[in-house]
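Reader: I've got a few "how do you know that" questions about this one. Can we go through them with the model in view?

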Amino acid sequence: MTRRRGQFSPEFKEETIRMVLEGDRTIASVAREFDIKAGTSGSWVNRHRLASAQDEQQPAPFGTPCRT
């Protein structure tokens, strides 16, 4: 029997990411709690970390005063 690919809402993904990043829980323990694969939740966390790092590295728009 094959298992259908899950469709997860953005809110659900955000909640699992928050539980990993803001708590002292592992990706695997959060995945077990929600009955999803650790690789799935791990990819969400990694994508979030990459997106956050890119947001921090974006240059300020032209005309924005620089902090020195």
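Author: One term to start: a helix here is a DSSP run of H or I with at least four residues, numbered from the N terminus. S41 is found in such a run, helix α3. Bear in mind that this is a predicted model.

Reader: What is the pattern along the sequence, and how many helices and strands are there?

Author: There are 3 helices and 0 strands, so the pattern reads α-α-α.

Reader: Back to S41: why is S41 called buried?

Author: Buried means under 20% relative accessible area. S41 has 3%, so S41 falls under that cut-off and counts as buried. Across the protein, buried residues make up 18% of the 68 residues.

Reader: Which residues does S41 touch?

Author: Leaving out residues up to four places away in sequence, S41 touches I27, A31 and I36. Touching means heavy atoms within 4.5 Å.

Reader: What makes α1 and α3 roughly perpendicular?

Author: Helix α1 (residues 10-22) and helix α3 (residues 38-57) pack at about 80 degrees, with axes 9 Å apart. Angles of 65 to 115 degrees count as roughly perpendicular, and therefore α1 and α3 get that label.

Reader: Which residues in α1 and α3 meet?

Author: From α1 come F12, K13, T16, I17, V20 and L21, and they meet W44, V45, H48 and R49 in α3. Sorted by kind, the residues of this contact are 6 nonpolar, 2 polar and 2 charged.

Technical notes
Residues are numbered from 1 along each chain as its sequence is written. This is a predicted model: local features need pLDDT of at least 70, side-chain atom pairs count only at pLDDT 80 or more; totals for chains, interfaces and linings use all residues. Side-chain values use heavy atoms; hydrogens and water are left out. Helices (H or I, at least four residues) and strands (E, at least two) are DSSP runs, numbered from the N terminus. Buried means under 20% relative accessible area, exposed over 50%, partly exposed in between (1.4 Å probe, protein chains only). Axes are lines fitted to C-alpha atoms, for helices over the stretch in contact, and angles run from 0 to 180 degrees between N-to-C directions. Angles under 35 degrees count as roughly parallel, over 145 as roughly antiparallel, 65 to 115 as roughly perpendicular and the rest as oblique. Ala, Val, Leu, Ile, Met, Phe, Trp, Tyr, Cys and Pro count as nonpolar, Asp, Glu, Lys and Arg as charged, and the others, Gly among them, as polar.
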